[in-house]
Amino acid sequence: MALFCSVNAIACVPVVKPGPDRQEAGWPAYLGTLRHDASAAETLNPDPRPLWRTDAGRAVAGSPALGETILAAGTTDRTVVLLDRASGDVLWRQRVGGTIRAGPLLDQDRLYVATQLTPEGKVYALRLKTGKPLWEVKLGSVAAPLALDGDALIAGTEGGLVARLDTETGRIAWRRRLAGSVRAGPVAVGGHVVVATTADTLFLLSRQTGEIEARMATPGAVLSTPVADGGRVYLGTTEGHVLAVTVPELVVAWDHAAGDAVYGAPALARDTLYVLTRGGRLWLIPIASHGGARSFDLNVVAVAGPTPVHAGVLVGSVSGEVLLVSTADGQVQWRTQLDGPIDEPPLVRDRDLFVVAGRGDIHAYR
């Protein structure tokens, strides 16, 4: 067994089997894209069957990153784990200095991940092949997903600090302290960075300098990463509002009442915004005219957002159910039951379905 050790002894990395040198189809944003629609064109078998199940750690936290041949995830027992997508075999585990609450990003030959530890939380770049750290930077406790925008990596902390880091070196280009905690991932949009905080405020920062260019109050806190597309961001709040906000003006284009708190991230597929409330109501909202919204009551409790796919919408529940729901009539086309809560949306790539359950299990179906 090969053994790689980091210079400053975060941990030694036992490599059971080296990962690939790189992945051309990366995972550069939370849920894969700024629209959260990475699975929207994917098809599923009518009755998906279990392919493999892997115990990744005590609990997997955050959404995993999918490459052509690998799956990367972070765990609450301070490790990043790389799996072979076809078999579920563990390629390597890398221990880091803190609990991981948001999943990694994949950029060709490296993974970016951050840890939740006050005040010692760090941001890391890990080599995809071995898990060996390329760099690490102390920033503070990070619970929100990271944002990758070219050569800039944007991180927000529970203390309200937002920072831009250089992807090659980890050097901090700027820091900006905001009111409230950052729980939703920052979003880079056209030379700006949009950041929501638990102070019920949406901030617009300059990508280059970190200066606050605009701000607006939100009707409730935003706890999940907004969708970005076409000069707007779309977000859900704990007070049950779904907002379309123009960028860079930070003006509300429309405000839709969802009837209950929205904890999971929305997804935008084609011209429809998909939103799931805590009480299990699935909303399909046309972004051009939110007055034409439709909804279905799925009778579940959900903290994860919905996943649009070619055949409908995948939904994961707190009780461990996974549902495939028809967008025509809200009927359940397929379901399965897992052990433990589902805190992140199911993902589909190349007809394979991946679900993270709350007890540290990652499940694959085909």
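Me: How much space lies in the second largest pocket?
Reply: This is a predicted model, and the values given here are computed from it. In the second largest pocket the space comes to about 150 Å³.

Me: Which element gives the most to the lining of the second largest pocket?
Reply: The lining has 15 residues, and P28, A29, L34, A147 and L148 lie nearest the centre of this pocket. Two elements give two or more residues to the lining, namely β12 (147-149) and β16 (187-189). The one that gives the most, with 3 residues, is β12.

Me: How do the residues lining the second largest pocket divide into nonpolar, polar and charged?
Reply: The lining of this pocket is made up of 15 residues. By class they are 11 nonpolar, 3 polar and 1 charged.

Me: In which sense do β12 and β13 pair, parallel or antiparallel?
Reply: These strands form a hairpin with 2 residues between them, and G150 in the turn has a positive phi of about 65°. Within the pairing, L148 of the pocket lining stands opposite L153 in β13. The strands are joined over 3 bridges, and the sense is antiparallel.

Me: Why is strand β13 described as largely enclosed by the rest of the structure?
Reply: A residue counts as buried when its relative accessible area is under 20%. From β13, A152, I154 and G156 point one way while L153 and A155 point the other way, and all are buried. Strand β13 (residues 152-156) is therefore largely enclosed by the rest of the structure, its buried residues being 5 of the 5.

Me: How many bridges join β13 to strand β14?
Reply: β13 and β14 form a hairpin with 4 residues between them, and G160 in the turn has a positive phi of about 90°. Across the pair, G156 stands opposite V162 in β14. The strands run antiparallel, and the number of bridges joining them is 5.

Me: What is the volume of the largest pocket?
Reply: The largest pocket is lined by 30 residues, with R101, A143, L223, D343 and E344 nearest its centre. By class, the lining has 16 nonpolar, 9 polar and 5 charged residues. Strand β4 (residues 60-66) gives the most to this lining, with 4 residues. The volume of the largest pocket is about 680 Å³.

Me: How many charged residues has the lining of the largest cavity?
Reply: The structure holds 3 cavities of 30 Å³ or more, and about 50 Å³ of space lies in the largest cavity. Its lining consists of L31, H36, A38, S39, P306, T307, P308, P345, P346 and L347. By class these are 7 nonpolar and 3 polar, and the number of charged residues is none.

Me: How many residues has the largest nonpolar core?
Reply: L71, V80, L82, W92, L106, L111 and I362 have the most contacts inside this core. Elements that each supply at least two of its residues include β4, β6 (79-84), β9 (110-114) and β34 (361-365). Apart from this core lies another, of 17 residues, among them A184, V189, M216 and V233. The largest nonpolar core itself has 32 residues.

Me: Which residues does L111 touch, not counting residues up to four places away in sequence?
Reply: L111 is one of the residues with the most contacts inside the largest nonpolar core. With residues up to four places away in sequence left out, L111 touches A72, V80, L82, W92, P104, L105, L106, Y124, A125, L126 and L128.

Notes:
Residues are numbered from 1 along each chain as its sequence is written. This is a predicted model: local features need pLDDT of at least 70, side-chain atom pairs count only at pLDDT 80 or more; totals for chains, interfaces and linings use all residues. Side-chain values use heavy atoms; hydrogens and water are left out. On a 1 Å grid over the protein atoms alone, a cavity is a set of points where a 1.4 Å probe fits but cannot get out, and a pocket is an open set with protein on both sides within 12 Å along at least five of seven lines; lining residues have an atom within 4 Å of a point. Grid points are joined across faces, edges and corners, and a volume is the space filled by probe spheres set on the points. Ala, Val, Leu, Ile, Met, Phe, Trp, Tyr, Cys and Pro count as nonpolar, Asp, Glu, Lys and Arg as charged, and the others, Gly among them, as polar. Buried means under 20% relative accessible area, exposed over 50%, partly exposed in between (1.4 Å probe, protein chains only). Two strands pair if DSSP finds at least two bridges between them. A nonpolar core is a set of buried Ala, Val, Leu, Ile, Met, Phe, Trp, Tyr and Cys residues joined through side-chain atoms within 4.5 Å. Contact means heavy atoms within 4.5 Å.
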